[in-house]
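This short report looks at charged pairs and at a sheet. Start with the structure shown here.

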Amino acid sequence: MEYVAAAALLLAAAVVLYNRRRTARLLRRLDEMVARAMDGSFSDEHFDESRLSSLESRMRQYLLANTSSARQLQAQKNRISGLISDVSHQTKTPVANLKLYAELLAEQPLTPQGQACVQNIQTQAEKLQALMEALVKTSRLETGLLTLHPVEGAVAPVVERAVAQYGPEADRKGIALRWDCTEETAVFDPKWTEEAVCNLLDNALKYTPSGGSVSVEMRSFPLFCAVRVTDTGPGLPEAEQARIFNRFYRANGAYQAEGVGLGLYLTRQIAENQGGYVKVNSVPGQGSTFSLYLPRA
Ligand code: ADP
């Protein structure tokens, strides 16, 4: 009797052990499947269907379908990005010619109306050129064809280079441009971050009327270093504040100023592609502060 009880106990222990191992193996394999799907290396070859349980089999089918649609989506995005690059490339020569002929025309004796028309042609050609350049950049960043290379470094030189570019424009418009840089470091791509700061400065000077001021300063937080661009421009109502980062969005009242509505979209892409973000604080009638957050690590 005792032997039977001991044997039953042993059998029960063996069954429990066997089940535990099976469950652990199942979880390990599911974990491996999900991990491979997440890093994009999931494929048929890694998981032999004949050796999988029904749960694993279903997971495998689901992940295979998922991986294939993700690949198709990426291929489609790459095609669109390629198309945008091609269109941009093909429009370069006509736009350059348009600008050249407009310049030649401007040298001719023209009526005031003719001069205004030439001026308009030049402005529109420049706008078209800027639009194509911004479109190519944003689509490449979006599809991952263009990647940022963040490195640890001082933020001040990037801010100073950006501010130096806008000194003449601030003088021309009669806007006081001030900056105050501290010795902050962060992990960021210097070239693209400079472009993002330039976009913020460009807007601040564009939307602030003559006699106003624009200031650039740096703020330190435990996880981020922020570059803040503050202006005394028209400010933005709360309803517009989230929308201005959308592609081609231009707030009410911005239509008199030159622009295509891609600057802030590109700035947000640059910030997010290097683990940061961008946000706005604004009071209508008083001005705006745009902050570009760069990660410390
Ligand atoms: P663009 O300036 O070419 O229109 P952006 O993407 O840079 O495009 O900006 C989107 C919109 O956000 C602008 O059209 C404008 O309405 C608003 N905006 C951006 N910066 C400022 C600012 N400093 N002050 C007021 N409005 C701003």
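## A charged pair between helices

R161 counts as partly exposed, at 40% relative accessibility (buried means under 20% relative accessible area, exposed over 50%, partly exposed in between; 1.4 Å probe, protein chains only). The side chain of R161 meets that of E194 in a salt bridge, 2.7 Å from N to O (a side-chain nitrogen of Lys or Arg within 4 Å of a carboxyl oxygen of Asp or Glu). E194 lies in helix α5 and R161 in helix α4, 33 residues apart. E194 is buried, at 15%.

This is a predicted model: local features need pLDDT of at least 70, side-chain atom pairs count only at pLDDT 80 or more, and totals for chains, interfaces and linings use all residues. Residues are numbered from 1 along each chain as its sequence is written, and side-chain values use heavy atoms, leaving out hydrogens and water.

## Other salt bridges

The count comes to nine salt bridges. One of them joins R172 and E169, with the closest N and O atoms 3.1 Å apart. E184 forms another with R296, at 2.9 Å. That pair links distant parts of the chain, 112 residues apart.

## The sheet

Five strands form an open, mixed sheet in the order β2-β4-β5-β7-β6 (strands are DSSP runs of E, at least two residues; helices are runs of H or I, at least four; both are numbered from the N terminus; two strands pair if DSSP finds at least two bridges between them). β2 and β6 stand at the edges with a single partner strand each, so one side of each has no neighbour in the sheet. β4 and β5 pair in the antiparallel sense over seven bridges.
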